[in-house]
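Work through the exercises below with the model open. Each task is followed by its solution.

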Amino acid sequence: MVTLLTILLAYQKYTSREKEPFPDVKFITTLPNSADLSDFDPNTLDKDQWQKLGFSEKQTATILKYKDIVGGKFTSKEQLKKCYAISEEKFSELKSFILLPETLKKGNSKEYSTMDRKEITITGKFNPDRYSANDWLKMGFSERQADAILKYRNYLGGSFISKEKFKECFIISPENYSKLEPYLLLPAKTPETFKNSAKNNTVKTKIKYHSFDPNQLDIEDWKAFGFSEKQAITIINYRDRNLRGSFKSPDDLQKCFVISAEKFQEMKPYIKLQEKQQEKTDFSKTDLNTITFRQLIEFGLDERSAGSIIGFRKKLGGFINKQQILSTYNIDQDLVQKLISTAPLNTSDVPRYSLVEAPEEWLKNHPYFKYSADKIIFYRISNPDDKKIWKLLKLKPEYEERMRLYIK
């Protein structure tokens, strides 16, 4: 027995191979500098602008195709996050800059779910170009899926062209495609001459350019150059927040991701940056309800404090008293105390309403009213009297006190 065991051990030792250690695999991801990011509407970005955000050409094509399939417009951050070309890491980096609601209210969603899987029934070979929504329903697809398939076909110009293109339809899962593929009466490959007609129907409006200083343009000026209102706001925010008030060179303007490379080349010959010494702000004459982000930075506040004050003021519709500014989150209390002691506050343009007349949207969005908005709207139907509504609300004294600041 000992001899047998010895032979077995010797055999194992000389016939076994040492396992070579598997080298560590490292994935290197190049992310754009978050300092170059600013608020943006993903519905207004074109191919070049998505690539400026750090996506590859293929990822960009997938994102744009996904947008067309969900109805031509992203309706919420949650919907955009579902696009598989955007990683969780990348989405979390962009999330705070996306000008979309977090989620879409129930009942208004038009997005198409690929998770609704049903067993599909195929009766024989067929040409998907000739199928109506009813044909797809009979096959086993849901109403939403059938609608999405037809939209994708229209996006391609009215024909799926090839099995290759049909497979790219976002709503058709790989599992369903493998079942359908043998029955599709389509060529296997897409012809090299194929061009998507949906991409070639854009009519460009000729814009008359003139010499301009980008540091002096407002929203309307940027819109006159062909930008949407949201794009114009993004450019101004990029200038005022990221670049602290001014473009120093044409390259700074080129880095703004809502300006495509093609658009920049159109504007470049007309850009005339003027070198001038910026006049110092007289804060004793600067209204706290109109003071700008740039002026707050000039006073000495950091970007976080300045942004918090501007953001809170916008939500309120304007400050009614200076103590509200001190209640803003993430601010330097000592420096802000010095500011409100120096600068005046004009409240004449701040909107005020009675509880009976206040617009529903205003009630639901105002920081002081939004938690009582539904009750106010309900009570004023049968009690169109402010005094009665205040009694019915039964608010804590401190809550009622701050709400009354905006009641006329």
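**Aromatic contacts**

One aromatic cluster is formed by Phe126, Tyr131, Trp136, Phe141, Tyr152, Phe160, Phe166 and Tyr177. The model is predicted: local features need pLDDT of at least 70, side-chain atom pairs count only at pLDDT 80 or more, and totals for chains, interfaces and linings use all residues. Residues are numbered from 1 along each chain as its sequence is written, and side-chain values use heavy atoms, with hydrogens and water left out.

**Exercise 1.** Count the aromatic pairs, then classify Tyr66 and Phe74.

*Solution.*
- Apply the rule: rings of Phe, Tyr and Trp (its six-membered ring) pair if their centres lie within 6.5 Å; planes under 30 degrees apart are stacked, over 60 edge-to-face, the rest tilted.
- The count is 24 aromatic pairs.
- Tyr66 and Phe74 have ring centres 5.9 Å apart and planes at 35°, so this pair is tilted.
- Check burial (buried is under 20% relative accessible area, exposed over 50%, partly exposed in between; 1.4 Å probe, protein chains only). Tyr66 has 3% relative accessibility, so Tyr66 is buried. Phe74, at 1%, is buried too.

**Exercise 2.** Classify the pair Tyr368 and Tyr406.

*Solution.*
- The centres lie 5.8 Å apart, with 65° between the planes: edge-to-face.
- Tyr368 and Tyr406 are both buried.

**Exercise 3.** Find charges that sit over the rings of Phe227 and Trp390.

*Solution.*
- Use the cut-offs: NZ of Lys or CZ of Arg within 6 Å of the ring centre and within 35 degrees of the ring normal.
- Over Phe227 sits the charged end of Lys263, 5.3 Å from the ring centre.
- Over Trp390 sits the charged end of Arg404, 4.2 Å from the ring centre.
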